[in-house]
Amino acid sequence: MPSAADRLEFGPPRDTGYLRAFALALLAHILLMAALTWGVHWKRSDRAASFEAELWSSVPQEAAPKLVETPPPPPPPPEPKAPEVRVTPPTPNVDIALEQEKKRKLLQQQKEAETLKAQKLQEKLKAELQAKKEKEQKAKEELAKRKAAEEAQKTEAKKQDAKDLEKKKQAEALAQKQRQDALNRMMGLAGATGDANAKGSGQKSSGPSAGYAGKVRARVLPNVVFTEDIAGNPTAEVEVRSTPDGVILGQRLVKSSGNKAWDEAVIKAIIRTGTLPRDDDGRVPTPMILEFKPKG
């Protein structure tokens, strides 16, 4: 059970301002009653003052002095008038007119002199411009003459160079001919087999003989199979390579006839031929270019 000490410790605090509040309320009531009392007293004293009266007629009174009219002030004296100033018209001055006329003439003379000076300057510039044009024209003519002379010299030099070149070519041809003649003589002495008009330098001719083309044509043409009608007579050129004994190793179209069927017929004919005939000296030239035409 909780003791009485515990209840005092945990209970609400005691109200200690009760007496002070009671004193303040009492003081306020006293002040209020004093104010009411003073107000009632003030209204009563004012009402008595409003009905108070005094008697003034029985007291002797002295009269005021009589009104005395004062005279009006005298008018101010008139202001003195300013003296009138009369302007006299200027008298014409003859010297000024003469001076102005003199100045006008002087200005006119100056203008005329300036105009004349400008005209002379313009004429001078015109003459200088004309002289400059004539000088330029003369320079152009001299330049044209100089260029014509240079062109003539160049043309003459080219002609001379052409003549010198022609002479040089003739001299080289003559020297070449002399060397060829000397070589032919040497080859003739060494057993060359060419005729008297031969121009080669070898001991023997290495190309095919004149009749070898006919032998080759007679060997290849029977193998050509071509039945188409062809316009014109175009030529197909074929390069043929073979062994020394004539066995064909390869063929190549170096120039087309323009007709693909004819080109293929020629290539197939060479392949069918297989072996080329020998020349008169027993050799088979290789490589060589064969020409084929469909109409002989």
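## Surface, fold and sheet of a predicted model

The accessible surface of the protein comes to about 26600 Å², and 59% of that belongs to carbon and sulfur atoms; areas come from the Shrake-Rupley method with a 1.4 Å probe. Please keep in mind that this is a predicted model, where local features need pLDDT of at least 70, side-chain atom pairs count only at pLDDT 80 or more, and totals for chains, interfaces and linings use all residues. Residues are numbered from 1 along each chain as its sequence is written, and side-chain values use heavy atoms, with hydrogens and water left out.

Of the 296 residues in the protein, 11% are buried, that is, under 20% relative accessible area with a 1.4 Å probe, protein chains only. Taking contacts (heavy atoms within 4.5 Å) between residues at least 6 apart in sequence, 67% join residues at least 24 apart.

The protein has 5 helices and 3 strands, in the sequence pattern α-α-α-α-β-β-α-β. Both are DSSP runs numbered from the N terminus: helices are H or I with at least four residues, strands E with at least two.

Now to the sheet. It is open, with antiparallel pairing and the order β2-β1-β3; pairing requires at least two DSSP bridges between two strands. Each edge strand pairs on one side only:

| Edge strand | Residues |
|---|---|
| β2 | 248–255 |
| β3 | 288–292 |

Neighbouring strands are turned by 30° against each other on average, direction ignored. Strand β1 (residues 236–242) is joined to β2 by 6 bridges, and Ser-242 stands opposite Ile-248 in β2.

Helix α5 (residues 260–273) lies across β1, β2 and β3, at about 165° to β2. Such angles run from 0 to 180 degrees between N-to-C directions, with axes fitted to C-alpha atoms, for helices over the stretch in contact.

Terms used:
Buried means under 20% relative accessible area, exposed over 50%, partly exposed in between (1.4 Å probe, protein chains only).
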